[in-house]
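Reader: I have a structure here that I'd like to walk through with you. Could we take it a piece at a time?

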Amino acid sequence: MTELLQYVANGLVSGGIYAIVAVGFITIYNVSKVINLAQGEFLMLGGMVTVAMIGMNVPYALAAFLAILIVTLIGVLMQKYVIAYVKKASPISLIILTIGISTLIRGLASLIWGKDAYSLDPITSNQPFSLGGVNIAQQSVWILAAVLIVLFLLWYLMDKTMLGKKINACSVNPMAARLMGISPAKMSMLAFGISGATGAIAGIVIAPLSVTSYDIGVLLGIKGFSAAILGGLGNPLGAAVAAFILGIVESLGAGYISSGMKDAIAFLVLIVMLLVKPSGIFGERSVGKGGL
Amino acid sequence: MKKNQSRKWLFPIALASMVLLSACGGGAKPAAEAGAAGGKEPIKLGAVFSLTGPNSPLGVPEKQAVEMLVKEINGAGGVDGRPVEVVFEDDKSDNTEAVKAVKKLVSKEKVVALLGSSGSGPSLGMAEFSQAEKIPLISMAAADQMTNPVRAGIFKTPHTDVHGTKRIYKYLKEKGITKIALLNDSNPYGSGWTQQLQKYAPEYGITIVAEEKYGTKDPSMSSQLTKIKGTDAQALIVAGTNPGPATIVKEAKQLNLSIPIISSHGSANSKFLELVGDAGEGVLMVAGKLLVSDQIAADDPQAAIVKKFVDGYKAAYNVEPDGFAGYGYDGLNLMVEGLKQAGGDASKLNEVLEKVKYVGVTGEFVFSAEDHNGLTEDSMIMVEVKDGKFQILK
């Protein structure tokens with residue numbers, strides 16, 4: 001029983017990471033119908049910039065803050081100078097464009113920091129604590145807290161503020177939104193910024209648990225994207241739930257079936273679920289659909 | 001407003017990245033001039049190393065060690081009165097490039113013997129060609145199949161997973177440990193280890209109670225560790241290259257896994273220590289003696305050459321040499337030893353090298369017709385991480 005709970009606890013932590021990535025995908029998708037495949041790279045940059053700053057003797061908290069700021073800015077610049085620049089491109093070409101950007105970011109990162117992995121100190125102590133026989137790292141609590149805070153803030157922003165209403169308006173009908181004096185381009189830029197920030201936060205909180213390197217974004221990007229699809233593209237709550245399911249399935253699969261097949265099991269579950277319910281667990285938000 | 005903001009930020013970022021960039025760019029200048037040893041015609045050797053690409057952390061120190069040794073050999077009068085000249089080529093960590101490079105070295109540069117390459121893939125490609133051309137090759141590749149089965153004229157310097165496996169099992173036997181769990185990388189390096197660990201376990205009376213895998217880039221291995229924790233394993237063996245083993249050690253601590261962790265020589269380097277931090281205390285590792293060059297006993301047959309190599313390397317490059325530098329150093333030394341015994345006649349190298357005995361920095365090489373690696377498990381040692389440093393286990 002303790003073992004089962006330990007697997008679930010492990011799964012919740014990986015699920016939390018996938019959730020932040022998935023929400024980043026959805027934030028951009030909802031506004032611009034673009035799937036930003038550089039989302040994983042935002043996450044990598046968050047971790048790497050923090051490590052680099054700490055290497056320059058910047059205090060931890062400031063380094064993390066600056067890293068989030070820098071990655072947010074990169075998200076905004078990416079929208080302004082690349083995505084918005086190619087007017088009239090179809091979402092598909094824009095998606096391909098984001099693959100190009102992700103490769104570029106990864107290449108630059110490997111030039112700047114090399115191909116080695118780096119470690120980051122945990123936010124609080126390295127000592128795990130035990131909860132009914134289940135061992136939990138303090139950093140795992142930070143990860144889950146970060147996920148919940150990010151999800152809450154995003155929900156608040158989207159549902160309770162005027163800005164969120166504007167973003168939603170662009171998502172529903174960009175033309176009507178423009179007629180109401182809302183700039184879809186600006187909202188899209190904002191979405192890229194938000195994705196950059198959430199990605200960076202994820203990158204910073206997960207780095208202490210394992211390591212960070214120039215290419216960690218690839219795998220996490222795929223996992224987060226899978227969660228976004230599984231939850232029903234466009235639905236942040238669905239994505240978060242799906243991400244946790246994916247994490248737990250992975251962990252249980254590795255524990256009870258075979259660790260070599262860990263990813264295969266997770267993706268198999270994903271395929272089966274999508275065959276049964278192609279629109280994802282929670283269904284796509286069907287308003288104003290374009291894109292894929 | 002947005003524009004101003006981005007301008008303000010762009011400058012410090014650009015500046016920061018330039019500083020970082022310049023810190024990374026080392027000097028990899030083409031070198032390899034023949035020394036001043038007499039006016040006689042030099043003996044021309046070719047060396048293919050991975051100077052760029054993913055294997056460059058291996059290839060660059062290998063080249064540096066060889067360059068250093070060439071100067072030393074020629075300073076001491078060369079081989080048989082003739083200076084040694086090494087022509088370097090970069091295989092870009094790519095199999096096809098390695099074969100291209102070796103063809104160029106043989107047909108254009110007319111080299112008489114070859115060193116390289118750094119990775120197993122490129123080395124295996126080179127071996128095919130050099131065997132067909134009957135040019136002797138000493139490789140720095142780890143893979144056992146380089147010299148197993150034995151091929152005429154193909155030799156290698158690094159330890160294999162067979163040596164590592166036997167050395168670890170010997171240690172476990174001493175400690176009376178009979179039940180172990182494996183958690184190895186699913187890449188060729190880790191799978192090679194898994195095979196050898198399974199193969200030799202019965203010989204040492206060891207039972208493998210759990211055999212788990214992980215992907216090199218997996219962010220978490222905690223589920224595998226949870227499973228291992230539920231078994232009655234008395235020790236955990238981890239074989240992989242950085243950063244996997246470091247993540248495992250960290251997570252094992254978070255899960256309160258109390259059995260000893262023994263890692264392969266794939267992570268026996270300072271990067272591992274940096275990545276694990278204080279979670280690494282007490283981790284055991286199998287490694288070459290070079291890892292703890294300052295702790296080698298004075299009566300160890302390798303003590304003298306290791307000291308000479310480490311001092312020379314530090315003086316030349318201002319860094320501690322790693323195992324890879326040692327592989328390159330031993331490779332050229334073995335080749336030169338063979339040339340000396342052949343009286344400078346490269347055509348005899350294939351046969352002569354099979355009789356070479358040489359004490360190197362990696363281990364004591366005893367080449368024979370059956371063994372083209374020439375090392376035993378006794379050239380490896382067990383070390384423990386203590387106070388953030390590797391300590392030899394007595």
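Reader: How many residues of chain A are in contact with chain B, and which element gives the largest share of that side?
Author: In it, 36 residues of chain A are in contact with 35 residues of chain B. The elements giving two or more residues to that side of chain A are α1 (2-32), α3 (60-83), α4 (91-113), α9 (216-231) and α10 (236-257) of chain A. The largest share, seven residues, comes from α1(A).

Reader: In chain B, which strands are at the edges of the open sheet?
Author: The sheet has five strands with parallel pairing, in the order β2-β1-β3-β4-β5 (chain B). An edge strand pairs on one side only, and that holds for β2 (84-90) and β5 (154-156) of chain B.

Reader: Which residue of β2(B) stands opposite L45(B)?
Author: Strand β1 (residues 43-49) of chain B runs parallel to β2(B), and seven bridges join the two. Within β2(B), the residue opposite L45(B) is V86(B).

Reader: Where in chain A does pLDDT stay under 50?
Author: Chain A averages a pLDDT of 88, and 97% of the residues score at least 70. Where pLDDT is low, the predicted coordinates should not be read in detail. The stretch of chain A with pLDDT under 50 is residues 286-292.

Key
Residues are numbered from 1 along each chain as its sequence is written. Chains are lettered from A and ligands numbered from 1 in the order in which they are written. This is a predicted model: local features need pLDDT of at least 70, side-chain atom pairs count only at pLDDT 80 or more; totals for chains, interfaces and linings use all residues. pLDDT is the predictor's confidence in each residue, from 0 to 100. Two residues are in contact if their C-beta atoms, placed from the backbone, lie within 7 Å. Helices (H or I, at least four residues) and strands (E, at least two) are DSSP runs, numbered from the N terminus. Two strands pair if DSSP finds at least two bridges between them.
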